[in-house]
Amino acid sequence: MSRSKDWKDVENSSENQTASQHGSNEQWGTRIGVILAVAGSAVGLGNFLRFPGQAAQNGGGAFLLPYFISLLVLGIPLCWAEWTMGRYGGHHGFNSSPGIFSVVCRNAKARYLAVPALLIPLVIYMYYVVIEAWCLAYAFSYLNGSLMLGEDTEAYGSFFGSFVGSGEGQNGAAFRGESSLLYFVMITFVINFIFIYRGVAKGIETFCRYAIPLMVVCALCVLVRVLTLPADKVNAGLGFMWNPDFSALLDSKTWLAASGQIFFSLSVGFGVIVNYASYLKKKDDVVLSGLTACSMNEFFEVCLGGLITLPAAFIFLGAAAGDQGTFGLGFTALPNVFAQMPAGQFFGFLWFFMLFLAAITSSLSMLQPVIAFFEEGFGMQRGASVSLLGIISLSGSGFVMYFSAGLKALDTFDFWVGTFLIFVLAMVQAVIYGWVFGIEQGAKESSQGSHIRIPTVVQYMLKYVVPVYLGVIFIAFAWENVLDKTDPETGAVTQGYLSKIADDEVILMSLLFIGGTIAFLTVMVHVAGIRWRQQGRFDQME
């Protein structure tokens with residue numbers, strides 16, 4: 001994978017000509033537009049539901065120490081690497097991850113390493129859009145008052161279970177007319193594909209320019225309502241969320257949870273930022289833009305999500321709020337909270353409408369990388385590529401909705417693709433940037449048009465520290481989740497995912513679905529590579 005001198009010295013004019021001849025003509029309309037779009041891809045349900053729960057269960061305020069260490073060591077450096085490689089690939093005529101990986105590595109076979117960069121956003125979209133529909137349905141239910149069920153906690157659990165069909169023996173409930181979920185999923189699908197059909201600037205950027213400020217307004221309204229509740233209750237709620245338990249720092253699970261949350265927060269390792277950055281102009285600032293997008297995400301997560309979700313739940317539900325999982329907190333505990341809050345129907349609508357906006361800004365970003373690949377790899381027009389992606393993603397969403405009992409299909413997709421493979425892709429990208437593309441070339445490329453430079457120490461971190469850190473996290477993550485664990489005191493065995501595969505038919509079928517999708521995308525990447533070679537797009541790499 002050595003770089004030839006000719007490839008090193010390609011002039012900007014020839015790069016732009018290549019991009020014009022072979023790549024997409026799409027570009028972001030404004031600098032603030034791309035920042036909002038990237039921030040929108042990162043700001044999602046994890047900021048408002050997952051982060052507060054992770055913090056409360058892992059030391060409260062003490063959780064912020066490993067969280068911000070992970071942000072500085074993993075999140076921001078990898079974000080800069082993805083912005084840099086994405087813009088570089090875009091100006092060599094590629095907007096899709098397989099093409100970008102090929103030109104960054106100067107090797108056509110490197111396109112196969114990008115299969116996870118297509119798989120991850122595609123499969124995550126398949127179940128994320130279903131959760132997105134939950135948020136829309138809950139917002140609608142607050143508008144018509146059907147979610148104001150009083151103080152009975154079990155009533156909200158029953159509402160959620162019957163709506164999503166998560167109860168035992170409820171597989172296929174949405175398709176039998178037992179729930180209105182199917183209708184909300186279809187509405188959400190249509191909204192997503194209208195914007196993705198309109199393209200990067202007219203669709204995604206335009207939507208995010210309005211949606212992000214509206215999200216801030218909605219979140220601030222709910223935050224003000226929570227903080228103006230009786231002062232003693234507010235102080236107790238904030239204390240429950242943020243009082244530090246420093247003993248948690250001695251537990252490896254805390255560091256693992258913090259690192260994992262950073263990946264969820266910043267969309268690092270999703271294959272999204274690389275694609276988005278490829279639409280940048282040559283002199284667009286990738287360093288400051290990347291830092292701004294990260295900062296905006298942290299504002300939503302720490303300053304809004306951390307001050308609203310769990311503190312509000314604790315005020316009305318007490319310490320039991322901390323025992324809720326992500327879905328339990330979001331769709332069972334919080335509706336109970338709004339029912340007991342003055343003007344709760346209005347603020348409940350604002351909250352779930354905000355969650356819907358946060359979810360849709362993320363889901364739009366998940367569609368674009370595969371759209372770019374279909375158009376670039378096979379010369380498809382926008383309508384054809386959107387239609388093909390619609391069929392593929394709808395089949396996956398239907399699979400998730402049908403196997404709804406215990407949310408097993410959703411949970412399997414989320415674990416193996418939305419968590420496990422994200423670590424893998426992040427590690428691949430760190431090695432490509434640090435050891436193949438090279439930190440010297442990375443520094444040169446990232447500095448073009450930048451108001452600030454990536455610090456030299458960060459470049460060396462990307463080469464040496466980040467891959468090792470990721471490797472340690474990956475091994476610890478697999479040890480904690482994939483393999484069976486035996487409690488040394490009680491002898492009780494907690495099943496890992498490998499055991500669950502053998503014991504559960506739905507989990508096995510979900511993995512077969514993922515495997516089939518991997519095979520399909522690998523074949524598509526192979527065929528696209530043949531087409532690119534015939535077009536002479538790999539000639540400069542040989």
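Ala, Val, Leu, Ile, Met, Phe, Trp, Tyr, Cys and Pro count here as nonpolar, Asp, Glu, Lys and Arg as charged, and the others, Gly among them, as polar. The model is predicted: local features need pLDDT of at least 70, side-chain atom pairs count only at pLDDT 80 or more, and totals for chains, interfaces and linings use all residues. Residues are numbered from 1 along each chain as its sequence is written, and side-chain values use heavy atoms, with hydrogens and water left out.

**Cavities and pocket**

On a 1 Å grid over the protein atoms alone, a cavity is a set of points where a 1.4 Å probe fits but cannot get out; a pocket is an open set with protein on both sides within 12 Å along at least five of seven lines; lining residues have an atom within 4 Å of a point. Grid points are joined across faces, edges and corners, and a volume is the space filled by probe spheres set on the points.

The structure holds 4 cavities of 30 Å³ or more. The largest cavity has about 60 Å³ of space. Its lining includes Val130, Trp134, Val164 and Leu181. H7, helix H17 (382-402) and helix H18 (408-447) each give two or more residues to that lining. Helices (H or I, at least four residues) are DSSP runs, numbered from the N terminus. The cavity lining divides into 10 nonpolar, 1 polar and no charged residues.

The largest pocket has a volume of about 1300 Å³. It is lined by 48 residues, and Arg50, Gln54, Phe264, Thr326 and Asp414 lie nearest its centre. Helix H4 (residues 45-57) gives the largest share of this lining, 8 residues. The pocket lining has 22 nonpolar, 19 polar and 7 charged residues.

**Helix packing**

Axes are lines fitted to C-alpha atoms, for helices over the stretch in contact, and angles run from 0 to 180 degrees between N-to-C directions. Contact means heavy atoms within 4.5 Å.

| Helix pair | Axis distance | Angle |
|---|---|---|
| H7 (residues 115-143) and H8 (residues 153-164) | within 12 Å | roughly 130° |
| H5 (residues 64-90) and H14 (residues 286-317) | 9 Å | about 140° |

The angle of roughly 130° makes H7 oblique to H8. Angles under 35 degrees count as roughly parallel, over 145 as roughly antiparallel, 65 to 115 as roughly perpendicular and the rest as oblique. Trp134, Ala137, Tyr138 and Ser141 in H7 meet Phe159, Phe160, Phe163 and Val164 in H8. This contact has 7 nonpolar residues, 1 polar and no charged.

At about 140°, H5 is oblique to H14. Residues of H5 in the contact include Trp80, Trp83 and Arg87, and those of H14 include Glu298 and Glu301. The contact of H5 with H14 divides into 13 nonpolar, 3 polar and 3 charged residues.
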